Amino acid sequence: MIQMVLTGLLCGALLGFVMQRGRFCLTGGFRDMYIAKDNRMFYALLIAISVQSVGVYALIQAGLIQFEAGTFSWLATILGSFVFGIGIILAGGCATGTWYRAGEGLIGSWIALFGYMGMAAIMKTGALVPVNEGIREATSPVTNSIPATFGLSVWPFIVVLVAITAFVVIRHLRKPKVFIPTLKAKRTGLTHLLFEKRWHPFFTAILVGLIALLAWPLSEATGRMSGLGVTTPSANILQYLVTGDSDSYINWGVFLVLGIFLGSFIAAKGSREFRFRAPDAKTAVSSFSGGLLMGFGASWAGGCSIGNGLVMTAMMTWQGWISLIFMILGTWTASYFVFVRPRKKANAKQGALNTTTA
C-alpha cells in the first residue's frame with residue numbers, strides 16, 4: 001500500500017508539474033490546429049507518443065512488463081471519442097488538463113472535474129452501465145493490435161511513427177522564428193529553469209513521454225497492468241467517497257490523478273500562477289456540461305486524451321489511433337460552433353452596421 005501511494009503520487013506529481021509548467025494542453029492544441037492552423041501541440045503529442053512507444057516496447061521485449069491489446073469496440077470508440085472531443089472544448093480542458101488546471105485554482109476546472117468524475121462513475125457502476133456496456137459489445141472481428149492485424153512485428157510501425165515525428169518536428173523547427181518578448185528574469189539557476197523560464201512544447205513532450213514510460217513499471221509493480229490513465233481513477237475517487245470500498249476502488253491510478261493535482265499546485269505556486277478564479281454563470285454551465293460529456297465519451301471510448309490519445313496510440317492499437325482521430329474531429333466540430341460561427345456572425349453584424357453608418 002505504501003509503495004502504491006508513494007509511486008502513484010510521485011508519477012502523478014511529475015506529470016502535473018511538467019504539464020502545468022509546459023502548458024501541455026491537448027484541448028488548446030487540437031483547437032489551434034483548426035482555428036489558427038497551428039500544429040505545434042499536435043507535433044508535441046507525437047513526440048510524447050514516440051518516446052513512450054519506443055520505451056514501453058523495449059521493456060516488454062526485455063520481459064519487464066506485460067501488455068494485452070484486447071478487443072476493439074469500434075463503435076464505442078468512434079462515438080465516445082467524438083463526444084469527448086466536444087466535451088473538452090466546452091469544459092476548457094481535457095481530462096488531465098482539467099486536473100492540472102484545477103491545481104492552479106481555476107474554479108471552472110473544478111466544476112468540469114465534478115461533472116467528469118460523476119458521469120464516469122455513473123457510466124461505469126451506476127444507472128448508465130447498460131448504456132456503456134451495450135455499445136461496447138459491438139467489437140471488431142480483428143484484434144485491437146495494429147501489428148497483429150497485419151501479422152507483423154511492432155517495431156516497423158514504431159520506426160514509421162518515429163520517422164514521421166522527426167520529419168514534422170525538424171520541419172517545424174526550421175521555420176523562421178517569431179520573436180516573443182520575454183520579461184527580464186527575476187530568478188537564477190535551477191529556480192529560474194523550474195518556475196520562470198518558458199518551456200518549449202517539444203521539450204515538455206519529451207518529459208511527458210518519459211513520465212508515461214515510467215508509469216508502466218511503477219503501476220505494474222502494484223498489480224495494475226497499465227500505464228497512465230485518468231478516467232477510471234477519477235471515477236474511482238468518487239465511488240470510494242460514496243461507498244468507502246477501498247478494495248474495489250483504490251489503486252495506483254487513484255494516487256496518480258491526485259498526484260497530478262498536487263504537482264500542478266506546486267508548479268503554479270512556485271511560478272506565482274496560482275490564484276482562485278471564479279467563472280461567470282455561462283462559463284460555469286459550459287464547464288459542467290463539458291465535464292459530463294467528457295465522462296460520458298471517455299467511458300464509451302475506453303479512455304480519454306491520455307488513456308487513448310497518448311497511451312493506446314503508443315501501444316499501436318486501433319483503439320488509440322482511431323480514438324485520436326475522432327477526438328480531434330469532435331474538438332473541431334465544437335470549436336466551429338463555440339468560436340468560429342459566433343465570430344462570423346459578429347463580423348457580419350459589424351459589417352452590416354458599418355455599411356448602414358456609411
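In which helix do Trp110 and Phe114 both lie? They both lie in helix H6 (residues 107-125), 4 residues apart, about one turn of the helix, where helices are DSSP runs of H or I with at least four residues, numbered from the N terminus. The legends below describe a predicted model, in which local features need pLDDT of at least 70 and side-chain atom pairs count only at pLDDT 80 or more, while totals for chains, interfaces and linings use all residues. Residues are numbered from 1 along each chain as its sequence is written, and side-chain values use heavy atoms, with hydrogens and water left out.

**View 1. The aromatic pair of Trp110 and Phe114 is tilted.** The ring centres are 5.9 Å apart, with 50 degrees between the planes; rings of Phe, Tyr and Trp (its six-membered ring) pair if their centres lie within 6.5 Å, and planes under 30 degrees apart count as stacked, over 60 as edge-to-face and the rest as tilted. By this rule the count comes to 13 aromatic pairs. Trp110 counts as partly exposed because its relative accessibility is 28%, given that buried means under 20% relative accessible area, exposed over 50% and partly exposed in between (1.4 Å probe, protein chains only).

**View 2. Ring pairs link Phe17, Phe195, Trp199 and Phe203 into a cluster.** Trp199 is buried, with a relative accessible area of 11%, whereas Phe203 counts as partly exposed at 43% relative accessibility.

**View 3. The largest nonpolar core has 75 residues.** Such a core is a set of buried Ala, Val, Leu, Ile, Met, Phe, Trp, Tyr and Cys residues joined through side-chain atoms within 4.5 Å. Helix H3 (residues 40-61) gives the most to this core, with 11 residues. Trp99 is among the residues with the most contacts inside the core, and, not counting residues up to four places away in sequence, Trp99 touches residues including Leu113, Tyr116, Val230 and Phe261, contact meaning heavy atoms within 4.5 Å. A second, separate core of 5 residues includes Ala76, Met119, Met123 and Ile135.

**View 4. Phe72 is found in the loop between H3 and helix H4 (74-91).** Phe72 is buried, with a relative accessible area of 5%, and, residues up to four places away in sequence not being counted, its contacts include Thr77, Asn144, Trp318 and Ile322. The C-alpha atoms of Phe72 and Glu137 are separated by 9.5 Å, although these residues are 65 residues apart along the chain.

Methods:
Helix = DSSP H or I, 4+ residues; strand = E, 2+ residues; numbered from the N terminus.
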